[in-house]
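The following note sets out, in numbered points, the features that a reader may wish to check in the coordinates. Please read it with the sequence and the model side by side.

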Amino acid sequence: LKKVVLEDINFKPTLIQMPIVMDDRRLMLVTGGWRSGKSEVAAVKLVLRYHTDLEKSKLVRDMDLKLKAQLVPRLYWILANDYATCREEFEKAGRYFKKLHLIEKMHFPAEGQCKLNLMGNVEVVTRSADDEFRIAEQAPDGIIIAEAGRMTYSSWLRTRGRLIEKRGWCVLVGTLESSDGRAEPWYPELYTEWQGLNEDNGKSYAMPTWYNTAIFTLGRYDTILVAEERAQQTDLFQEKYGAVPVKPSALILKEFSNDIHVGNYPYDDNIPVEIAVDPGYGFPGAHAVLAI
């Protein structure tokens, strides 16, 4: 189904985009470098979710969509700190839905909230984190978060809470902002956590700038990117273009990686066990003791 939809909207995923657009897990995070095409991927994810959610309804797939007007309503949000930040994802998604002839009504004002009414009794609306939690209304079936790295941690927790009624899905997309010193660190921390096994069963992906070969034809070694790497601080380039969080400078075990070192590893009595102690402060204080 996904491959058919991708062909119909003429979207050809790159090697790094393919696992992102094909992944159907409930919670997903995508960090994107500047001009990496992350807004395009977010829009495509919404279009594919529209179709897979219809498929999960166990209705006859080849049934005329016009006959599905009596379906239980579904609601999707495109959420960001403000309405302006949602517009790019909304516009791109609208363009794809138009190609598929699924739009019944579209409201796209110069500013403020945008709305799409789609066949199948589905509504897509843009929401602002500044005001959407003050309104009691229908819970969303799915949420795309645009520029998630700019949101506060409390906004993220409230967003998660809005999904529990319908066990809805969420895709967080955005550039890493922690090196600027203006954003809270929860977004890169969540990226790191979801790189390995985690209780959320979430998954994080990185989409570096140089994989957008439509703009940067020589990829990682495109002359403009090589020049930027020379001009930028290493950490800034790694975050803003490489889409990978910078590890704290005070980190003791810099080689630690969630995707490698977090997992289910059975005890092996052939390997010696070491004890590590991290002394706390104050009196009586506390010590963290870890068996390794």
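1. Basis of the note. A residue is called buried when its relative accessible area is under 20%, exposed when it is over 50%, and partly exposed in between (1.4 Å probe, protein chains only). By this criterion, 43% of the 292 residues in the protein are buried. The model is a predicted one, in which local features need pLDDT of at least 70 and side-chain atom pairs count only at pLDDT 80 or more, while totals for chains, interfaces and linings use all residues. Residues are numbered from 1 along each chain as its sequence is written, and side-chain values use heavy atoms, with hydrogens and water left out.

2. Overall make-up. The protein has nine helices and ten strands. Contact denotes heavy atoms within 4.5 Å. Of the contacts between residues at least 6 apart in sequence, 64% join residues at least 24 apart. The protein exposes about 16,700 Å², of which carbon and sulfur atoms supply 55%; the areas come from the Shrake-Rupley method with a 1.4 Å probe, and for residues only the protein chains shown count as cover.

3. Strand β10 (residues 287-291) is hardly covered, as the count of buried residues among its five residues is zero.

4. The salt bridge between E40 and R95. A salt bridge is defined as a side-chain nitrogen of Lys or Arg within 4 Å of a carboxyl oxygen of Asp or Glu. A search of the whole structure finds ten of them. In one, E40 is joined to R95, with the closest N and O atoms 2.7 Å apart. Because E40 lies in helix α3 (residues 38-56) and R95 in helix α4 (residues 83-99), the pair ties together parts that are 55 residues apart in sequence. E40 counts as buried at 19% relative accessibility, whereas R95 counts as partly exposed at 38%.

5. Further surroundings of E40. What does E40 touch, not counting residues up to four places away in sequence? The residues in contact are F11, K92, R95 and Y96. The side chains of E40 and K92 are also joined by a polar contact of 3.2 Å. A polar contact is a pair of N or O atoms within 3.5 Å; within protein, one must be able to donate a hydrogen and the other to accept it, and residues adjacent in sequence count only if both atoms are side-chain atoms.

6. The salt bridge between D53 and R74. The side chains of D53 and R74 meet at 3.9 Å, N to O. D53 belongs to helix α3 and R74 to strand β2 (residues 74-80), so the pair ties together parts that are 21 residues apart in sequence. D53 counts as buried at 14% relative accessibility, and R74 counts as buried at 11%.

7. R220 and E229 meet through their side chains in a salt bridge of 3.0 Å, N to O. R220 is partly exposed, with a relative accessible area of 24%, and E229 is partly exposed at 35%. Elsewhere, salt bridges that share partners join E40, E88, K92 and R95 into one network.

8. D222 is located in the loop between β8 (203-207) and α7 (223-231). D222 is buried yet has no salt bridge, and the nearest side chain of opposite charge, R220, is 9.9 Å away. The D222 side chain reaches the backbone nitrogen of T217 at 3.2 Å and that of L218 at 3.3 Å.

9. R25. This residue is placed in the loop between α2 (18-22) and β1 (27-32). R25 is partly exposed, with a relative accessible area of 27%. The side chain of R25 makes a polar contact with the side chain of D23 (2.9 Å). Leaving aside neighbours within four places in sequence, R25 is in contact with R49, N201, G202 and K203.

How values were computed: Helix = DSSP H or I, 4+ residues; strand = E, 2+ residues; numbered from the N terminus. Lys, Arg positive; Asp, Glu negative; His and termini not counted.
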